[in-house]
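Q: Could you take a close look at the sheet in this one for me? I'd like to hear how it is put together and what sits against it.

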Amino acid sequence: MKKSVFAVSGMKCGHCKITVENALKTVSGVVSADANLADADVTVEYDDSLVSPSQLKEAVDNSGRFELNL
């Protein structure tokens, strides 16, 4: 398992936080996702043999007006 923190732009409210977390949790291999509005980032625990950071970025970027920065 790997745990990484990624900056996320576009999060402005609690609904945004939930949307980003849910987008990541739907990706196979993601164990947990915890977005932080104050820090504008998300901590993701994932199996790096099943999912890559670029796949995480794609999930967040496709979830709305958010962008995960690698």
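A: Here is a walk through the sheet, its strand pairs, the helices on it and the core.

Keep in mind that this is a predicted model. The sheet is an open one, built from four strands in the order 2-3-1-4, with antiparallel pairing. Out at the edges you find strand 2 (30–36) and strand 4 (67–69), and each of them pairs on one side only. On average, neighbouring strands are turned by 30° against each other, if you ignore direction.

Start with strand 1 and its partners. Strand 1 (residues 2–9) runs antiparallel to strand 3 (residues 41–46), and six bridges link the two. To get your bearings in that pair, look for Lys2, which stands opposite Tyr46 of strand 3; Ser4, likewise in this pairing, faces Val44. Now the helices. Helix 1 (residues 14–25) packs on the sheet and touches strand 1, strand 2 and strand 3. The direction of helix 1 makes about 165° with that of strand 2. Helix 2 (residues 53–61) also packs on the sheet, and its contacts take in strand 1, strand 2, strand 3 and strand 4. For helix 2 the angle is taken with strand 4, and comes to about 155°.

Back to strand 1 for its other pairing: with strand 4 it pairs in the antiparallel sense over three bridges.

What about the packing? The largest nonpolar core has 19 residues, and those touching the most other members are Val8, Val20, Leu24, Val42, Val44 and Leu56. Strand 1, helix 1, strand 2, strand 3 and helix 2 each put at least two residues into this core. Setting aside neighbours within four places in sequence, Val42 is in contact with Ser4, Val5, Phe6, Val8, Val20, Leu24, Ala33, Asp34, Ala35 and Leu68.

Next, a residue on helix 1: Lys17 has its place there. Lys17 counts as partly exposed because its relative accessibility is 23%, and the buried class stops at under 20%. Beyond residues up to four places away in sequence, Lys17 touches Met11, Asp34, Ala35 and Leu37. With Asp34 there is a polar contact between the side chains, at 3.4 Å. As for Leu37, its C-alpha atom is 6.7 Å from that of Lys17, though the two are 20 residues apart along the chain.

Over on helix 2, have a look at Gln55. Gln55 has a relative accessible area of 38%, so it is partly exposed. From Gln55 to Cys16, 39 residues apart along the chain, the C-alpha atoms are separated by 19 Å.

Last stop, the segment after strand 4, where you'll find Leu70. Leu70 counts as exposed because its relative accessibility is 61%, and the exposed class is over 50%. Leu70 and Lys57 are 13 residues apart in sequence, with 7.3 Å from C-alpha to C-alpha.

Definitions and conventions: Residues numbered from 1 in each chain as written. Predicted model: local features only at pLDDT ≥ 70, side-chain atom pairs only at ≥ 80, totals over all residues. Heavy atoms only, no water. Pairing = 2+ DSSP bridges. Axes fitted to C-alpha atoms, helices over the stretch in contact; angles between N-to-C directions. Contact = heavy atoms within 4.5 Å. Buried < 20%, exposed > 50% of the residue type's maximum accessible area, 1.4 Å probe, protein only. Polar contact = N/O pair within 3.5 Å; in protein donor to acceptor, adjacent residues only side chain to side chain. Core = buried A, V, L, I, M, F, W, Y, C linked by side-chain atoms within 4.5 Å.
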